[in-house]
Each structure stands twice: as C-alpha cells, then as structure tokens.
Amino acid sequence: MGETLPVLRERAVPCGPVLLTVPRACVELAVPLGTAATWPALATTRCVSGAVVQCPAPEIHARDGLQVDGRTWLYPPIPHDPQVPDVTDGHALADAVRTALSRADASPHVREGFRL
C-alpha cells in the first residue's frame, strides 16, 4: 500500500477516514476543502476538488475482510470522536507523501502496488 500511512503514523499525524479502493489500486484520504488548489505536484498522487467518492458504510472495514465494489475502510469515519479528525491535514499528508517517495526511490526493492 505504499509508505505514506506509516509515515503519518511515525509522525503522529492523526488521520481522518482512509478508503482503500482496490479496483484503482489506491487509497483515498479526505482533506480540508481548498487543499486541491495548493496540492504540490507529487508522483503517484492526485488531489481533486468536487469529486464524488463512493464510500461503503463505516462498518465495512478491511480488518474484517469486508468490501463493497472493491472499496473498504482502512480507517472508517468515526463521527463525534474528538480523537479522530474528520479530515487529514493536507500539508502533513503532502510532506508524508514526499518522504514516502524519497524512501521508495532510495530503496533497492521498490514495491509495486497501491499508490499513496
């Protein structure tokens, strides 16, 4: 799945919902409105505004082996939990992606697979 999520964990950046989308071989994270306008050009990433994201119900979770149309939550939305943000900080995410890409470039064993 790439190294971005581990980088965010290493840095103790709280993640909002994270959706694994198997048919597109990617993970999708919600970020604050306006992030797309400032998102840097980073390989294997795309920040879009105005997109419609098909999301399964919060109880459809990867740890349980559940999915709907190839989509499952890695981190489901948890409303009203002050420990879980509604979105992931876009600047922290961009920095984590940069770090993950640098690590992948430096590794002799670059893994194929999920973007981000």
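This is a predicted model: local features need pLDDT of at least 70, side-chain atom pairs count only at pLDDT 80 or more; totals for chains, interfaces and linings use all residues.
Me: Why is Thr72 called buried?
Reply: Its relative accessibility is 5%. Buried means under 20%. Therefore Thr72 counts as buried. Thr72 sits in strand 3, residues 71-75.

Me: What makes the pair Thr72 and Leu66 a polar contact?
Reply: A polar atom of the Thr72 side chain lies 2.6 Å from the backbone oxygen of Leu66. The cut-off is within 3.5 Å, so the pair counts.

Me: Which backbone oxygen does the side chain of Thr72 reach at 3.5 Å?
Reply: That of Ile60.

Me: Which residues does Thr72 touch, leaving out those up to four places away in sequence?
Reply: Val18, Leu19, Leu20, Pro56, Ile60, His61, Ala62, Leu66 and Gln67.

Me: Why is Asp69 called exposed?
Reply: Its relative accessibility is 65%. Exposed means over 50%. So Asp69 counts as exposed. Asp69 lies in the loop between helix 2 and strand 3.

Me: How do you know whether His80 is buried or exposed?
Reply: The relative accessible area of His80 is 81%. Exposed means over 50%. His80 is therefore exposed. His80 is found in the loop between strand 3 and helix 3. Phi of His80 is positive too, near 65°.

Me: Which residues touch the most other members of the largest nonpolar core?
Reply: Leu5, Leu8, Val18 and Leu29, out of 19 residues in that core. Helix 1 (4-10), strand 1 (18-21), strand 2 (26-29) and helix 3 (90-106) each give two or more residues to this core. Helix 3 gives the most, with 6 residues.

Me: What makes a residue of this core a member?
Reply: A member must be buried, of a listed nonpolar type, and joined to the set through side-chain atoms within 4.5 Å.

Me: How much space lies in the largest pocket?
Reply: About 820 Å³. Of the 32 residues that line this pocket, Glu28, Leu29, Arg46, Val48 and Val53 are the closest to its centre. Strand 2, helix 2 (35-38) and strand 3 each give two or more residues to the lining. Strand 2 gives the most, with 4 residues.

Me: How do the residues of the lining of the largest pocket divide?
Reply: Into 21 nonpolar, 6 polar and 5 charged. Of the closest residues named above, Glu28 and Arg46 count as charged, because Glu and Arg are of the charged types.

Methods. Residues are numbered from 1 along each chain as its sequence is written. Side-chain values use heavy atoms; hydrogens and water are left out. Buried means under 20% relative accessible area, exposed over 50%, partly exposed in between (1.4 Å probe, protein chains only). A polar contact is a pair of N or O atoms within 3.5 Å; within protein, one must be able to donate a hydrogen and the other to accept it, and residues adjacent in sequence count only if both atoms are side-chain atoms. Contact means heavy atoms within 4.5 Å. On a 1 Å grid over the protein atoms alone, a cavity is a set of points where a 1.4 Å probe fits but cannot get out, and a pocket is an open set with protein on both sides within 12 Å along at least five of seven lines; lining residues have an atom within 4 Å of a point. Grid points are joined across faces, edges and corners, and a volume is the space filled by probe spheres set on the points.
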